[in-house]
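Please keep the sequence and the model at hand while reading.

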Amino acid sequence: MEARKAARRGHHTHRLEGSFRPITVHQLVLVWWLHTEGHLTKRQLRVWFALHEMDERRRYMGRDREASYETRELLHLVGGRSGGAREAKTRSELAGDLRALAQLGLVTVTSTSIQFARSVDQIALSVVGDLSGFWTMLHKIDTPGRTVPVPRRMVRALAAGFSKACTALIFTTLIRCLFWHKTTGSYRMDGRYKLAWVADVFGVSRRQLSEARTRLVELGWISPLEVSQWMLNRWGLHDLIDAAWDPSSTPDQDNRQHGESGGELSGDSACPSADFSGQSATPDLTDSLSLTGDQYTRNPARRRSGPSGVSLRSTSGGRKKTARQRGSGGGAPPNIRDIRPGDLSDTGRLLELHRQACTAGLASASEHGRLEFMALAERARTRGSKPAAMFYWLLRERKTAFITLADEDEAARRIREHNNGAPRRLIPEAPTQQRQAIPFSEEDKFVAAVLRVAQQSRIDDPFRVAQRIRPMTRSEWDAAHLGFHENQMKRWKPIDDPHELEVSL
């Protein structure tokens with residue numbers, strides 16, 4: 001009961017190391033929606049946070065001094081090499097990002113002032129278009145009107161750059177875990193959320209969010225708190241933000257920041273790389289998973305040295321080795337009590353081991369149990385230095401949380417090919433007569449370029465890209481788009497009648 005009351009009271013502190021920057025939930029949701037819709041690039045999102053840090057620094061200047069903003073300071077916050085032609089090129093690109101932010105109406109920057117959009121009403125509708133997606137996203141958040149005291153150290157880290165999943169989870173922890181109580185003058189640093197809710201609101205897969213949460217735990221930004229299973233099911237994960245978090249003290253961080261006011265970066269990023277050292281699916285760090293391996297990479301703990309096979313029978317040191325112990329199995333039938341590395345590569349022998357494991361109570365006889373058995377074998381075969389011993393340990397301890405999507409796909413492929421044989425690829429015969437190639441007109445080239453840019457930029461409506469290149473109406477674009485598809489069908493349509501006339505434009 002006392003622990004439950006303490007959980008309700010939460011974890012409070014009266015100081016955020018390095019001060020904070022007040023940013024509303026409305027603004028955070030707005031920039032994330034613009035980013036996911038393709039109106040804001042990743043670097044422009046980082047520039048937005050860098051401008052917040054630059055504006056916050058001027059609040060501590062004396063009133064007799066006039067504020068001054070330069071792209072050199074922005075370059076140091078976002079990251080890049082100083083000196084030479086590369087710095088001039090990067091500063092020119094940052095100036096282009098500032099113009100793009102101003103065109104959206106998100107930020108207006110002059111040499112002496114920075115003005116931020118406080119609401120979506122200040123965004124240029126001619127550029128953005130439909131705002132229904134933003135309002136749908138905002139209505140999924142319980143407190144859309146409150147102000148978040150974002151730590152300035154995290155503002156600088158976001159300006160330096162995180163992966164998309166890490167950025168989404170940082171936004172989540174800021175919104176759900178960081179509060180300022182005016183009556184007590186203290187900050188609450190803990191909160192609850194579900195990864196399914198984060199995936200629904202921010203549009204990132206749960207697997208990426210699970211890996212991002214592990215990464216943020218490694219960096220020390222959040223600490224998982226103990227939570228029971230029924231509380232996990234009811235309210236989700238319980239995380240605590242470190243009020244004294246300092247990215248420069250992270251052991252594996254390549255690029256460091258100097259001082260509270262931000263210093264020059266030696267590399268292109270102030271945060272660790274988005275690449276993860278672990279190759280597993282990284283389940284959530286909760287007490288519901290009884291894992292004894294590395295809690296970050298989910299790699300099993302190292303065991304003492306021994307034979308490459310695994311046997312349940314105790315053998316004496318002077319006992320003569322059998323033919324099965326000397327080799328990989330040979331023609332001897334597979335035995336669940338003496339698994340050999342060669343058994344893991346042969347699907348037929350592995351299925352026989354599955355039958356024996358079901359008899360011994362180590363596996364389930366259902367199709368799902370067979371798939372898990374094969375996936376554990378694939379995990380041990382591709383990851384373990386002693387695959388047979390590792391496989392039996394995974395099977396005995398029922399470590400199904402180690403199975404990744406790649407392991408499961410490979411296991412399903414092996415079962416399918418074992419039952420149905422290897423897939424045969426049918427190569428169609430070359431036609432006796434081919435249609436003359438239809439050349440691309442200038443209009444077709446324009447439509448193809450627009451469709452390619454829209455796909456690369458993940459823009460749902462290619463008409464928005466076409467408008468930026470050439471002034472045209474919706475009806476003109478629809479006519480050009482339809483003509484392009486008709487010509488494509490003519491190019492790919494086979495010839496049924498050999499006397500059919502050749503088509504040319």
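Helices are DSSP runs of type H or I with at least four residues, numbered from the N terminus. The model is predicted. The points below concern two helices, α3 and α18, and the packing of α18 against its neighbours.

**Helix α3**
- Helix α3 spans residues 42-58, and its 17 residues reach 25 Å from the first C-alpha to the last, close to the expected 24 Å.
- Of these 17 residues, 15 are buried, so α3 is largely enclosed by the rest of the structure.

**Helix α18**
- Helix α18 comprises the 16 residues 405-420 and extends 22 Å between its first and last C-alpha, close to the 22 Å expected at 1.5 Å a residue.
- Its buried residues are Asp407, Ala411, Arg414 and Ile415.
- These residues cover an arc of only 95 degrees around the axis, which puts them on the same side of α18.
- Ala406 and Asn420, on the other side of α18, are exposed.
- Gly421 follows α18 and has a positive phi, near 85 degrees.

**Packing of α18**
- The buried residues of α18 pack against α14 (341-345), α15 (347-359) and α16 (367-383).
- The axes of α16 and α18 come within 8 Å and cross at roughly 115 degrees; the two helices are therefore roughly perpendicular to each other.
- The crossing in which α16 passes α18 is right-handed.
- Residues making this contact include Arg370, Leu371 and Met374 of α16, and Asp407, Glu408 and Ala411 of α18.

Definitions and conventions. Residues are numbered from 1 along each chain as its sequence is written. This is a predicted model: local features need pLDDT of at least 70, side-chain atom pairs count only at pLDDT 80 or more; totals for chains, interfaces and linings use all residues. Side-chain values use heavy atoms; hydrogens and water are left out. The expected span of a helix is 1.5 Å times one less than its number of residues. Buried means under 20% relative accessible area, exposed over 50%, partly exposed in between (1.4 Å probe, protein chains only). The arc is that of the directions from the helix axis to the C-beta atoms. Contact means heavy atoms within 4.5 Å. Axes are lines fitted to C-alpha atoms, for helices over the stretch in contact, and angles run from 0 to 180 degrees between N-to-C directions. Angles under 35 degrees count as roughly parallel, over 145 as roughly antiparallel, 65 to 115 as roughly perpendicular and the rest as oblique. A crossing is left-handed if the near helix is turned anticlockwise from the far one by less than a right angle, and right-handed if clockwise.
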